[in-house]
Amino acid sequence: MKKTRLWKLLLFSFFLVLLFSSCAKDASSLQELAQLGEWEALYDSAKEDFRETYRSGSLYYLALAQAELGDNESALQSLDLYQEITGEEGASMAARNLMLILADREGNAELVVEQAAFLDEAGALGTQGARAYYQALMALGRSQEAAMVFATYLRQQLDDREYALLLLEAEAPLGQIRDALGELEDGEAVSLLAAIASRLPSKAWAQTLVPLAQEYEQADLSPQERQVLYASLATLCTQADFRVLANKYQTLSME
């Protein structure tokens, strides 16, 4: 999935409904720090505000700051406490969006599905959330539900390249991926395989992708595209623990 700063996706879409009991001045101050990207200051202010007032809204901003500072685990813990205070029905759409995206970052498919299902029912599931929802459902083996999410949210939003990448990221059935890549130019398909290889997939997924990538050895590629293919195969074979093949493709990629 294309890495976009998550705050561009969700932060201000729902800010009017974030806080349930707060002083307008304090809430505005925390919101302003978030808008300015002052994450260290937001962290300190939100932590102090919660310690003094126990307002649920300050926990949301604390989680926001923690996530931007790279502490996803603590951010999820803050959101868990936030949800305990607000109750299951009281959590804001912004908090659920943030929890969904953090769960996606951490590979917690169950939590992604839990939050996405709520946002879906509330009519607040955006395209990026739908992508995470689809991939989480696929990871959990719930392919029929994933197909419904795709048909509802993604079919009209994705071009051929984005669709093929989505399938690769979701570890969809190989036949679906092969068909999707077949709609692309060979060089573009190779670039997508390279993108997935660069993310160091699991051993099992790498083993699945190696024979697919090898099919492009017979394609009419430019020298640069072929070098990318061999480098990708070297990486995939390393991940798959195909040591002989990994050495072969590493050598080819350097010729």
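**View 1. Helix α13 and its buried residues in the predicted model.** Within α13, the residues Trp 205, Ala 206, Leu 209, Val 210, Leu 212 and Ala 213 are buried.

**View 2. The packing of α11 on α13.** Helix α11 (residues 174–182) packs with helix α13 (residues 203–214) at an angle of about 40 degrees, and the two axes lie 11 Å apart. That angle makes α11 oblique to α13, and the crossing of the two helices is right-handed. On the α11 side, Leu 174, Ile 177, Arg 178 and Leu 181 take part in the contact, where they meet Trp 205, Thr 208 and Leu 212 of α13. Sorted by class, this contact of α11 with α13 has five nonpolar residues, one polar residue and one charged residue. Trp 205 and Leu 212 of α13, both named in this contact, are also among the buried residues of that helix.

**View 3. The packing of α10 on α11.** Helices α10 and α11 pack at an angle of about 155 degrees, with 9 Å between their axes. Such an angle makes α10 roughly antiparallel to α11, and the crossing of this pair is left-handed. From α10, the residues Tyr 163, Ala 164, Leu 167 and Leu 168 meet Gln 176, Ile 177, Ala 180 and Leu 181 of α11. By class, the contact of α10 with α11 has seven nonpolar residues, one polar residue and no charged residues. Ile 177 and Leu 181 of α11 take part in this contact with α10, and they also belong to the contact of α11 with α13.

**View 4. Gln 135 and Leu 167.** Gln 135 lies in helix α8 (residues 127–139), and with a relative accessibility of 11% it counts as buried. Although Gln 135 and Leu 167 are 32 residues apart in sequence, their C-alpha atoms are 8.2 Å apart in space. Leu 167 is one of the α10 residues that meet α11.

**View 5. The packing of α5 on α6.** Helix α5 (residues 72–86) and helix α6 (residues 93–105) pack at an angle of about 145 degrees, their axes being 10 Å apart, and α5 passes α6 in a left-handed crossing. In this contact, Asn 72, Ala 75, Leu 76, Leu 79, Asp 80, Tyr 82 and Gln 83 of α5 meet Ala 95, Arg 96, Leu 98, Met 99, Leu 102, Ala 103 and Arg 105 of α6. The residues of the contact of α5 with α6 divide into nine nonpolar, two polar and three charged.

**View 6. Two loop residues with positive phi.** Leu 200, found in the loop between α12 and α13, has a positive phi of about 55 degrees although it is not a glycine. At 51% relative accessibility, Leu 200 counts as exposed. Asp 241 lies in the loop between α14 and α15 (243–253), and its phi is near 65 degrees, again a positive value in a residue other than glycine. With a relative accessibility of 40%, Asp 241 counts as partly exposed.

Key
Residues are numbered from 1 along each chain as its sequence is written. This is a predicted model: local features need pLDDT of at least 70, side-chain atom pairs count only at pLDDT 80 or more; totals for chains, interfaces and linings use all residues. Side-chain values use heavy atoms; hydrogens and water are left out. Axes are lines fitted to C-alpha atoms, for helices over the stretch in contact, and angles run from 0 to 180 degrees between N-to-C directions. Helices (H or I, at least four residues) and strands (E, at least two) are DSSP runs, numbered from the N terminus. Angles under 35 degrees count as roughly parallel, over 145 as roughly antiparallel, 65 to 115 as roughly perpendicular and the rest as oblique. A crossing is left-handed if the near helix is turned anticlockwise from the far one by less than a right angle, and right-handed if clockwise. Contact means heavy atoms within 4.5 Å. Ala, Val, Leu, Ile, Met, Phe, Trp, Tyr, Cys and Pro count as nonpolar, Asp, Glu, Lys and Arg as charged, and the others, Gly among them, as polar. Buried means under 20% relative accessible area, exposed over 50%, partly exposed in between (1.4 Å probe, protein chains only).
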